[in-house]
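The following exercises are to be worked with the sequence and the three-dimensional model in view. Each task is followed by a solution in steps.

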Amino acid sequence: MKGIKGDTLSTQKLHIGIIGAGRIGRVHAETLAFRLPEAEIVAITDINREAAEALAARCNIPKVAASSAEILADKQIEAVLICSSTNTHADLIEQTAKAGKHIFCEKPIAFSLEQIDHALAAVKKAGVQLQIGFNRRFDANFARVRHAVATGEIGAPNLMHIISRDPGPPPLAYVKVSGGIFMDMTIHDFDMARFLIGDEVEEIYTAAGVRVDPEIGNAGDLDTALIVLRFRNGVIGTIDNCRKAPYGYDQRVEILGSEGKIATENCYPNQAVVSDGKSVHTDLPLNFFMERYTESFASELKSFVTAIREEQTTEVTGIDGRIPVAMALAARKSYDEHRPVRLEEVGG
Ligand SMILES: NC(=O)c1ccc[n+]([C@@H]2O[C@H](COP(=O)([O-])OP(=O)(O)OC[C@H]3O[C@@H](n4cnc5c(N)ncnc54)[C@H](O)[C@@H]3O)[C@@H](O)[C@H]2O)c1
């Protein structure tokens, strides 16, 4: 089989540039450097040069570029990972597309649908590939649930429940630029809902509040929410979010179908069960996304690299990045106006 530039897949590495060396930049750089021999990081950049230099040293990246423009001008680079803060994504997608390079971009693409449409138009015009960082689709538990729905193993789905609670809230500085809980946190669950059911949501109702930290409320955000989704095909779903679960990262789903149900539990660092005179207990679940979703982050990048090398469409496309943003806008509008909101009201 032929890959990019017509070379054989077995001999050619995909040459990658990375923009952003923060938390998620590090996760992806480590995957590429230590787990994906079919890719090679050529250069990395960050407006915080020290962060880029530290990650370059850790992952043996040969070049620290002075700017994203230098990454985009590098002729050796065929694909770019955009791992910088959300407010940079749409512009960087546009510039990267214009430079003729394939794109992996972290979620969300932007906070406004106009900006997203602009960026996606540039991608289409350039004819490059785009994958959005909805890594949870590549998690083995959730992929199994999707399989059960897609194959009819539990009959036709009727009810869907997603529980998605963080171990603790992010720093206030992060909250202020995050776009709010629906854009930053629930966005993964909106994507998961579409992925699991294989259909689109048409109406959203949100009940939410500030139950964890009043400072989050003072910043104009919420930290606890229950969101009801009504799908076009009649399935009814809930998303249960909280910025704080004292027992750790709580990530579960359950779907009830006409012929049965499928449910996933949390993931644990070990299987040991301790029994003593007071209780029978286990250790706490894997604590946060870096630990819980390590394998899914590796699988999503492998999928991206394979799609580029084999000239196939990526598994999570630009439109998959747009729809959850529309859902986030609808969820916030529903909270603000105390009523169910149809996606078409927000341009979805
Ligand atoms: N898929 C996931 O599970 C997941 C997890 C965490 C974060 N994210 C997303 O990844 C993005 C980054 O989040 P993070 O947690 O790594 O944040 P972070 O603050 O740890 O890192 C962001 C980095 O981007 C750099 N940066 C900002 N503007 C830049 C620019 N113009 N050019 C180059 N570098 C720039 C910052 O200096 C910082 O080092 C966000 O969009 C976030 O939503 C996704």
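**Exercise 1: Helices α9 and α13**

The axes of α9 and helix α13 (residues 318-337) approach within 9 Å and cross at roughly 115°. The model is a predicted one, in which local features need pLDDT of at least 70 and side-chain atom pairs count only at pLDDT 80 or more, while totals for chains, interfaces and linings use all residues. Residues are numbered from 1 along each chain as its sequence is written.

Task: State the hand of the crossing of α9 and α13, and identify which residues meet.

Solution.
- Step 1. Helices (H or I, at least four residues) and strands (E, at least two) are DSSP runs, numbered from the N terminus. Axes are lines fitted to C-alpha atoms, for helices over the stretch in contact, and angles run from 0 to 180 degrees between N-to-C directions.
- Step 2. α9 passes α13 in a right-handed crossing. A crossing is right-handed if the near helix is turned clockwise from the far one by less than a right angle, and left-handed if anticlockwise.
- Step 3. From α9, Thr186, Ile187, Phe190, Asp191 and Arg194 meet Asp320, Ile323, Pro324, Met327, Ala328 and Ala331 of α13. Two residues are in contact if their C-beta atoms, placed from the backbone, lie within 7 Å.
- Step 4. By class, this contact of α9 with α13 has 7 nonpolar, 1 polar and 3 charged residues. Ala, Val, Leu, Ile, Met, Phe, Trp, Tyr, Cys and Pro count as nonpolar, Asp, Glu, Lys and Arg as charged, and the others, Gly among them, as polar.

**Exercise 2: Two further helix pairs**

Task: Determine how α6 and α9 are oriented to each other, and do likewise for α4 and α5.

Solution.
- Step 1. Helix α6 (residues 140-150) and helix α9 (residues 186-197) cross at roughly 40°, and their axes come within 8 Å.
- Step 2. α6 and α9 are therefore oblique to each other. Angles under 35 degrees count as roughly parallel, over 145 as roughly antiparallel, 65 to 115 as roughly perpendicular and the rest as oblique.
- Step 3. Phe142, Val145, Arg146 and Val149 of α6 make the contact with Met192, Phe195, Leu196 and Ile197 of α9. The contact of α6 with α9 comprises 7 nonpolar, no polar and 1 charged residues.
- Step 4. For helix α4 (residues 89-98) and helix α5 (residues 113-126), the packing angle is about 10° and the axes are 8 Å apart. α4 and α5 are therefore roughly parallel to each other, and their crossing is left-handed.

**Exercise 3: Backbone exceptions**

Task: Which residues does a cis peptide bond join, and where is Asn60 found?

Solution.
- Step 1. Most residues other than glycine have a negative phi, and most peptide bonds are trans.
- Step 2. Lys107 and Pro108 are joined by a cis peptide bond, with omega about -20°. Pro108 lies in the loop between β5 (102-105) and α5.
- Step 3. Asn60, although not a glycine, has a positive phi of about 55°. Asn60 is in the loop between α2 (49-59) and β3 (63-64).

**Exercise 4: The shell around the ligand**

Task: Which residues come nearest to the ligand?

Solution.
- Step 1. Gly22, Arg23, Ile24, Ser84 and Glu106 come nearest, of the 23 residues around the ligand. A residue is near a molecule or strand if its C-beta atom, placed from the backbone, lies within 6 Å of it.
- Step 2. Helix α1 (residues 23-35) gives the largest share of this shell, 3 residues.
- Step 3. By class, the shell has 7 nonpolar, 12 polar and 4 charged residues.
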